[in-house]
Amino acid sequence: MSKTKLASAIGMACVCSSSFAQEEVGIDLGAFELVPTLTTTVGFNDNVTRSNEEGIDSWFSTVTPRFTLVNDFGLNSLRLGYQLSRGDYFSSSADDYTDHLLFASLDYELNSRNRIKAGVNFEDGHDDRGEAFSLGNGNELNSPDEFRESEADFTYSYGALSAKARLDLNVNYRDLDYKLGTTEYLIRDRTKSTVAGTFYYNIGAATDLLFETSITDVEYDFATSDANSLDSIETSYLIGAQWQSTASTSGFAKIGYQDKDFDASGRENFSGTTWEAGVIWEPLERATFILDTDNSARETNGDGNFIRSKDVSLQWRHEWLQRLRTQAGVSVGTDDYEGSGRTDDVTDWNFAVIYEFQRWLTFNLGYTYSERDSNRDIIDYDQNIFRLTARATL
């Protein structure tokens with residue numbers, strides 16, 4: 001299960017079930033309101049480097065202050081922010097990290113028929129030892145893999161929200177740059193430039209059919225030879241629907257065709273079925289179920305030409321009392337590393353109890369179990385993480 005898809009599903013739930021969200025209060029700075037939050041976690045990880053042998057176990061702490069400037073004017077919104085994340089492992093200082101995130105977003109309605117949405121992010125982040133490229137070899141690294149990733153996204157929407165038809169045009173640019181300059185790191189640096197369009201056609205009170213197409217240019221900064229280049233062009237064509245709060249459900253589902261053509265003639269191209277779906281079901285006032293699934297081709301993190309990924313996750317959130325709620329979930333997925341013969345089955349279980357001690361202070365006691373079962377034994381691992389998180393705002 002990719003972090004992106006999981007975050008997307010959680011985001012949908014937050015939009016749908018506002019009662020689950022912690023109320024944030026900002027400081028009036030005139031044109032802007034400053035919303036600070038502080039998230040601190042202490043926990044225990046029994047396999048820090050995701051090793052298939054006797055792993056490193058360690059207590060850990062993370063501290064994440066976040067500052068967001070918000071300007072809501074009419075139906076429009078401008079947000080600017082900064083987040084610092086510091087992680088310390090008490091028995092494995094080689095896994096300590098400090099991440100930085102800068103972000104900005106704008107939602108602006110020019111008039112009832114024309115809207116724009118734009119966002120810019122810059123992350124100075126890391127992959128844990130044993131995550132991504134170093135999976136199965138985390139103990140051989142002296143520190144986490146550090147990278148810089150920047151993203152710019154712009155969407156122009158034409159058509160009133162109440163109109164029979166609407167059109168979204170999107171441009172996205174993402175650049176990933178690992179800090180080390182050795183060959184094994186340079187071959188992972190890349191840019192992705194995407195142009196996409198989505199046509200919506202209303203067929204009911206809260207239901208739209210959608211037709212989506214996109215083309216993405218993937219360019220790697222370095223290749224040991226032209227024959228080893230991973231540069232490619234991806235195209236996709238999807239048809240589906242999205243709906244809002246119909247019979248206690250909302251979400252989207254789309255299926256279609258994806259094509260990936262490599263510049264290097266020696267690499268086998270891919271074409272096949274792709275799909276994405278995210279559904280929120282609220283059968284009771286206090287209960288929410290979130291189903292998220294996708295099937296797509298992703299960039300490889302070391303083996304093969306690309307990763308053929310299939311993921312599905314299910315989350316259950318229940319508000320037992322006004323201040324007490326739980327959430328439990330499971331995600332399963334299969335990653336086929338095309339061209340290498342490697343296949344990984346990935347499973348994650350999670351459970352958490354959330355207690356809103358005060359309006360401005362929430363505690364989260366959680367547990368996560370992760371398992372990877374690969375046909376390459378060195379990559380197998382299981383991991384248990386126990387944690388207590390406190391999130392404070394004004």
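1. How many bridges join strand 3 to strand 4? There are 12, and the two strands run antiparallel; strand 4 covers residues 76-89. Strands here are DSSP runs (E, at least two residues), numbered from the N terminus, and two of them pair if DSSP finds at least two bridges between them. Within this pair, Arg66 stands opposite Gln83. The hairpin has two residues between the strands, and Gly74 takes a positive phi near 65° there.

2. On the source: this is a predicted model, in which local features need pLDDT of at least 70, side-chain atom pairs count only at pLDDT 80 or more, and totals for chains, interfaces and linings use all residues. Residues are numbered from 1 along each chain as its sequence is written, and side-chain values use heavy atoms, leaving out hydrogens and water.

3. Strand 2 (residues 33-45) is also joined to strand 3 (residues 58-73), by 13 bridges in antiparallel fashion. Asn45 stands opposite Ser58 in this pair.

4. The search of the whole structure gives 18 salt bridges (a side-chain nitrogen of Lys or Arg within 4 Å of a carboxyl oxygen of Asp or Glu). One of them pairs Asp95 with Arg129, with the closest N and O atoms 2.8 Å apart. Asp95 lies in the loop between strand 4 and strand 5 and Arg129 in the loop between strand 6 and strand 7, so the pair ties together parts 34 residues apart in sequence. Asp95 is buried at 3% relative accessible area, and Arg129 is buried at 5% (buried means under 20%, with a 1.4 Å probe and protein chains only).

5. Asp303, Arg342, Asp344, Arg372 and Arg376 are linked in a salt-bridge network.

Notes. Helices (H or I, at least four residues) and strands (E, at least two) are DSSP runs, numbered from the N terminus. Buried means under 20% relative accessible area, exposed over 50%, partly exposed in between (1.4 Å probe, protein chains only).
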